[in-house]
Amino acid sequence: MMKRILAASAAIAISASWAQAQEIKVGVNLPYTGIGAEFAQLIDRGMEMYLKLNADKVKPYTIKLIKRDAKNPGGNDSRVATQELLTQENVDILAGWVYSPNAIASAPVVNAGKKPAVIMNAGTAHITQMSNYYLRTSFSMWHAGYAIGEAAAKQLKAKTAVVGYTDFPPGKDSLNAFKRSFEANGGKVIDEIPMGGAGAVPDMTPFFQRAKDQKPDVFFVFVPAGDHAAAVTKTYGALGMQQAGIKLIGPGDITQDTKLQAMGDAAVGLITMHHYHADLDNAENKRFVAEWKKTYGANTTPDFMAVGGYDGMALIVHIAHQLKGKIDGDKAIEAAKTFKYNSPRGPISIDPETRDIVMNEYLSEVVKGKDGKLMQKTIGQIANVKDACKAQKIAPCK
Amino acid sequence: MSAMPTLTEHPAALALTRRHRLRWWEPLPWVLALAFYFLFPRHLGFGTELLIMVLFAISLDLALGYAGIITLGHAAFFGAGAYTVGMLAQYGIWTEPITGLIAGAAVAALIGFLSGLVLLRTTGLTLLMLTLCTMALLEEAANLGHDWTGGFDGLTGITIPPLFGLFEFNPLFPKTQYLYVLGVLFVCFVFARTLVYSPFGQSLTGIRENTLRMHAVGAPVRTRLVVCYTISAALAGIAGGIWAQANAYVNLSTLGLDRAATVLIILVLGGYGRLYGAFVGALAYMALAHFLSQVYPTAWQLGLGLLLVAIALFARGGIIGVGETLVQRLRPKMYQKQPPS
């Protein structure tokens with residue numbers, strides 16, 4: 001009898017410790033309130049979608065999400081959230097970061113905490129160099145910016161370009177990336193137009209008129225996703241730049257899927273370069289989009305932020321399996337370097353040298369679909385794109 | 001005449017001479033702050049933020065609460081201090097923490113003095129708008145000077161050496177930061193307390209209550225206001241500088257309207273023109289925001305909003321004001337029970 005009890009209690013103890021090892025605590029650092037709330041929701045849903053669609057791959061582990069509000073791009077709230085996730089909640093893995101300043105401010109804490117931290121959006125190129133525990137499953141501004149410079153020169157046969165950009169770091173990153181690769185491929189940037197800050201949407205007319213007067217082959221625009229992008233297409237249409245033979249191009253931020261329908265017919269013909277749009281033609285993406293629409297409503301759509309969360313969760317599950325549920329910071333980073341995955345955006349992997357994502361970039365054109373809705377048609381592709389800023393060791397990424 | 005009490009024994013005179021004396025409860029905030037350090041070692045990051053906000057709110061209280069300078073741009077000085085400390089450290093010019101704070105205070109004071117010379121000729125809404133503009137100009141300057149200030153992404157390479165060469169600034173468990181901020185707050189508070197009970201502080205209150213009469217008695221009103229604004233700016237600069245050191249990071253948000261509005265709300269919530277309003281307001285606002293947002297990451301602002309509505313509707317003097325009203329209601333009863341002496 002005694003033996004039995006002992007055996008039983010031993011079994012319980014073992015299963016209890018087993019259950020402990022099975023739960024992976026993920027601390028999520030996203031702006032759930034304020035202007036970023038919309039983005040946090042997309043990333044949140046992306047993570048949930050992964051766990052739902054790949055429940056069998058997650059087993060035997062369970063992922064527990066502990067969410068903290070990063071509140072604003074000010075840095076300090078996000079930093080305190082990171083601190084407390086590590087010291088109070090003892091999370092195994094950190095994830096999130098919509099705003100680059102928040103990821104930058106959190107870097108020393110991530111470094112001291114020695115837990116892997118998966119960046120699911122923040123796009124300033126050099127962030128991943130600020131801590132050896134940072135991994136990125138979103139993008140760097142250089143991914144799309146550099147790729148489109150090459151595509152503009154080679155595929156669109158453009159000789160001259162004017163660049164208009166919102167005057168904050170992602171805009172400047174985009175400008176630098178585009179200019180560098182466009183000019184390396186024989187093009188010439190004839191004017192650079194700063195178009196106000198990210199805080200408010202300016203009247204785009206004077207900037208666009210200045211671009212139009214110079215008659216470039218292409219007009220490269222970077223503005224933040226959202227209302228800025230809608231203003232861009234409207235002004236482009238109103239000034240008749242398309243009729244004047246000037247192609248409007250940009251990174252995919254300006255044709256964010258969630259905003260595309262609101263941009264109206266003026267967006268037709270817009271050419272963008274990005275790693276994801278909801279109309280990508282592959283089996284993984286079809287499954288992802290269908291399940292998304294079923295869960296969150298037919299009028300909703302995933303976008304590049306959602307896929308950042310989705311792939312981030314895929315990476316977290318990969319790490320959990322590699323380390324058999326016992327997350328150690330340094331081992332986790334080594335495990336992450338072997339990550340290869342067939343994502344809705346196509347094949348992706350983590351660059352072992354930079355811990356940043358390697359992925360395909362798609363050149364797309366906005367067209368009107370059969371149902372009258374706007375959609376993006378893929379017209380070109382560059383495979384296995386690395387962050388050019390780090391690959392070429394350009395100033396901030398040295 | 002000899003039957004009359006001498007002037008120094010007059011109840012009004014006694015009240016005036018005693019008003020600066022230490023009350024029994026005044027050490028309480030400091031005891032609590034120290035207790036927090038020992039009881040909640042895992043909450044010190046939040047605690048540090050809270051103490052910095054108290055310091056910032058005290059600086060605003062000097063200008064707004066005591067001198068009646070209506071400003072919505074106080075973050076200008078917070079940011080000036082933060083960027084001074086941050087940029088000196090970033091470019092390896094000066095990293096020692098305490099002298100760094102003095103430099104931050106000096107730059108903020110200079111900006112406060114120069115802008116005060118111009119702005120304080122105006123009052124009311126004009127003044128409010130001009131302070132807002134000053135802050136917006138500084139913010140835009142920091143954005144345009146991207147190559148030096150890091151712009152929106154902020155300064156990233158700030159390393160602060162150990163305090164007194166001994167105490168490391170640990171990013172994960174910010175014990176040193178907490179005690180350092182607490183110490184600086186104490187020094188600044190003692191200064192502010194001495195100031196508001198000094199004749200200079202009295203004259204500020206006089207200006208707030210009745211500018212015309214202060215002119216009539218011959219007080220140099222504008223000079224007093226500019227001096228007060230400069231001192232207030234210096235304290236805000238210290239708050240900003242210490243924020244930069246504790247976070248090892250500075251970005252545009254230090255100069256933003258968000259910060260300026262938050263500190264104003266905190267001061268109104270706690271009770272302006274009362275030394276301890278900054279403490280109570282910062283504790284109430286930040287603790288509520290912090291812990292509500294942990295429980296309800298998406299909906300915590302609702303709770304905070306309801307509190308602010310309640311304060312605005314029912315308690316114009318802030319939380320301290322409510323306390324004062326309660327004490328006053330209790331007091332007459334106590335006097336009635338006492339036998340006439």
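Predicted model: local features only at pLDDT ≥ 70, side-chain atom pairs only at ≥ 80, totals over all residues.
Residues are numbered from 1 along each chain as its sequence is written, with chains lettered from A and ligands numbered from 1 in the order in which they are written.

**Chain A overall**
- Chain A has 14 helices and 14 strands (DSSP runs, H or I of at least four residues for helices and E of at least two for strands, numbered from the N terminus).
- Of its 398 residues, 56% count as buried, meaning 20 or more other C-beta atoms, placed from the backbone, lie within 10 Å of a residue's own.
- Its C-alpha atoms fill a box of roughly 90 × 45 × 35 Å along the principal axes.

**Domains of chain A**
- Domain 1 covers 2–139 + 284–355, and domain 2 covers 142–274 + 360–397; the bounds come from an automatic or database domain assignment.
- The C-alpha centres of the two domains sit 30 Å apart.

**A helix pair in chain B**
- Helix α8 (residues 175–197) of chain B and helix α11 (residues 221–247) of chain B have axes that come within 11 Å and cross at roughly 175 degrees (lines fitted to C-alpha atoms over the stretch in contact, with angles from 0 to 180 degrees between N-to-C directions).
- So α8(B) and α11(B) run roughly antiparallel, the word for angles over 145 degrees.
- Among the residues that meet are B:Val184 and B:Cys188 from α8(B), and B:Leu235 and B:Ile238 from α11(B) (C-beta atoms, placed from the backbone, within 7 Å).

Conventions: Buried ≥ 20, exposed ≤ 12 C-beta atoms within 10 Å, placed from the backbone. Parallel < 35°, antiparallel > 145°, perpendicular 65-115°, else oblique. Contact = placed C-beta atoms within 7 Å.
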